[in-house]
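Have the sequence and the model open side by side.

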Amino acid sequence: MTGSDTIAAISTPPGEGAIALVRVSGANAIQIADKIFRGKEEPSQFASHVQHLGEIFSAENKSIDQAVLSVHRAPASYTGEDLVEISCHGGTLVSAKVLEACLRAGARAARPGEFTERAFLNGKMDLTQAEAVIDLIRARTDLALRSATEQLEGRLGEQVRKIRDELIAVLAHINASIDFPEEGIAPDEGETLCARLDAVREEVAALLSTADQGRVLREGVRVVIYGATNAGKSSLLNRLLGYDRVIVSDSHGTTRDTIEETVNLGGVPIRLLDTAGLRPSKSELESEGIARTEKSLQLADLRLHIADRNAPRPAHFNGRTEDDRNERVVLNKSDLPEDNDWKNFPALRISCLTGDGLPQLQKEILGRIRQQNLRPESAVAINTRHRDCLRRALESCDRARSALGQGLSQEYVAVDLDQALRAVGEVIGVVDVEQILDSVFSQFCIGK
């Protein structure tokens with residue numbers, strides 16, 4: 001259990017709305033509710049999980065607002081502690097005054113993510129499920145939402161616990177051989193032990209392989225649109241977004257900075273970056289924009305090289321990009337005659353004016369993403385923290401497997417397996433993970 005202090009926060013977004021939710025959690029949550037709530041009964045007399053209408057009063061005994069209050073008694077609450085939820089009117093001042101009343105009655109202001117942190121510390125969820133809460137809030141596509149929902153339901157945690165249980169069993173076998181050397185391990189048992197460890201390594205490697213798709217679902221795929229000035233980069237961005245986000249002009253150098261927008265393409269969040277046109281420039285401002293274009297290209301998951309098919313092919317144009325699976329050449333202005341320089345050139349032909357070829361381009365973008373093993377179809381997808389833990393676990397398992405194969409002392413194998421066990425345990429928070437809790441829960445909003 002966590003400490004005895006009681007916390008309070010506004011759990012709904014700032015601003016005006018129909019309803020604002022103020023949460024109070026901790027040992028004194030119900031006592032605080034008794035101090036500030038006036039209704040037919042005191043909150044301490046309420047049945048758990050039943051809403052009651054009444055009024056919230058300030059420390060000066062002045063009515064603040066009519067509200068609906070419910071008591072959620074431990075352990076059957078989100079945090080695993082006594083929890084009070086107050087639904088008041090959604091004005092900024094009203095909700096602030098209700099929170100102030102809670103604080104003056106004995107609560108303290110909650111830190112970002114502290115409610116979910118308490119849920120984790122009180123055993124209501126493992127660390128992967130706690131992280132799924134923020135993924136659920138930030139989900140921008142159906143696939144991201146499904147992944148976060150299944151992680152919140154414990155699917156990833158179950159897989160990690162299975163790996164951990166198998167590691168414990170293997171380590172127990174090794175420790176038994178160390179503690180009771182007179183028993184020995186027969187050759188067939190040694191082979192079985194290696195096979196079991198190999199199975200663990202494969203399961204860890206399989207989870208590690210989902211890191212890219214986890215990044216796709218959480219952050220989106222970076223698709224950089226680049227090329228010469230006036231090739232139609234900004235027009236393509238507007239077309240893919242479905243509205244005019246960027247100013248389009250016949251003047252060269254209109255776009256001088258990198259502009260980023262996200263579009264949902266087949267359930268995958270695509271981060272489209274429109275960049276400054278590439279050309280020699282004496283303008284300091286435009287040169288800075290071109291430098292940013294070059295930087296964006298280095299970080300791109302996929303590059304769309306846009307060119308004007310109605311104009312002669314530029315001498316500097318790199319025609320070998322078809323061999324690069326991270327790049328696709330797109331010839332714009334298919335509604336106009338094609339210059340002979342582009343004859344038989346392998347590229348997608350589109351028209352940002354008429355929309356011709358855009359469905360094929362969208363399919364091509366998704367196809368190229370899947371070629372890079374950025375596959376969002378799997379609902380299980382680890383994040384960066386998970387990847388670091390599992391990478392260390394796999395390295396430790398590899399060392400243990402090598403030691404087994406070389407016939408080294410069992411003590412060396414046990415040390416490596418213990419390190420692997422601890423690294424896997426960090427994923428779900430079943431070992432001492434105080435140093436990682438702050439980084440996990442600091443991402444949350446206050447009141448969550």
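In what order do the 6 strands of the open sheet with S9 and S13 lie? The order is S9-S10-S8-S11-S12-S13, and the pairing is mixed. This is a predicted model, in which local features need pLDDT of at least 70 and side-chain atom pairs count only at pLDDT 80 or more, while totals for chains, interfaces and linings use all residues. Residues are numbered from 1 along each chain as its sequence is written, and side-chain values use heavy atoms, with hydrogens and water left out.

Helices (H or I, at least four residues) and strands (E, at least two) are DSSP runs numbered from the N terminus, and two strands pair if DSSP finds at least two bridges between them. At the edges of this sheet are S9 and strand S13 (348-349), each of which pairs on one side only. Further in, strand S8 (residues 221-227) is joined to S10 by 5 bridges in the parallel sense. One point of reference there is Ile225, whose bridge partner in S10 is Asp274.

Buried means under 20% relative accessible area, exposed over 50%, and partly exposed in between (1.4 Å probe, protein chains only). After H8 comes Gly220, with a positive phi near 90°.

The structure holds 2 cavities of 30 Å³ or more. A cavity is a set of points, on a 1 Å grid over the protein atoms alone, where a 1.4 Å probe fits but cannot get out; lining residues have an atom within 4 Å of a point. Grid points are joined across faces, edges and corners, and a volume is the space filled by probe spheres set on the points. The largest cavity has a volume of about 40 Å³. Its lining consists of Leu240, Val263, Leu265, Ile270, Leu272, Gln362 and Ile365. At least two lining residues come from each of strand S9 (259-265), strand S10 (268-274) and helix H11 (358-371). By class, 6 of the lining residues are nonpolar and 1 is polar, with none charged; Ala, Val, Leu, Ile, Met, Phe, Trp, Tyr, Cys and Pro count as nonpolar, Asp, Glu, Lys and Arg as charged, and the others, Gly among them, as polar.

Another open sheet has 7 strands in the order S3-S4-S5-S6-S2-S1-S7, again with mixed pairing. Its edge strands, S3 (37-38) and S7 (108-109), each pair on one side only. Helix H3 (residues 114-121) packs on this sheet and touches strand S1 (7-10), strand S2 (17-25), S6 and S7; contact means heavy atoms within 4.5 Å. The direction of H3 makes about 135° with that of S1, where axes are lines fitted to C-alpha atoms, for helices over the stretch in contact, and angles run from 0 to 180 degrees between N-to-C directions.

S1 and S2 run antiparallel, joined by 4 bridges, and Ile10 stands opposite Val22 in S2. Their hairpin has 6 residues between the strands, and Gly15 in it takes a positive phi near 115°. S1 also pairs with S7, in the parallel sense over 2 bridges, with Ile7 opposite Arg108. Elsewhere in the sheet, strand S5 (residues 63-72) and strand S6 (residues 83-90) run antiparallel over 5 bridges, and Val68 stands opposite Ser87.

Is Cys194, in the end, buried or exposed? Cys194 counts as buried because its relative accessibility is 14%. This residue lies in helix H7 (residues 187-208). Leaving aside residues up to four places away in sequence, Cys194 touches Arg401 and Leu404. The C-alpha atoms of Cys194 and Gly405 are separated by 7.9 Å, although the two residues are 211 residues apart along the chain.

Technical notes: On a 1 Å grid over the protein atoms alone, a cavity is a set of points where a 1.4 Å probe fits but cannot get out, and a pocket is an open set with protein on both sides within 12 Å along at least five of seven lines; lining residues have an atom within 4 Å of a point.
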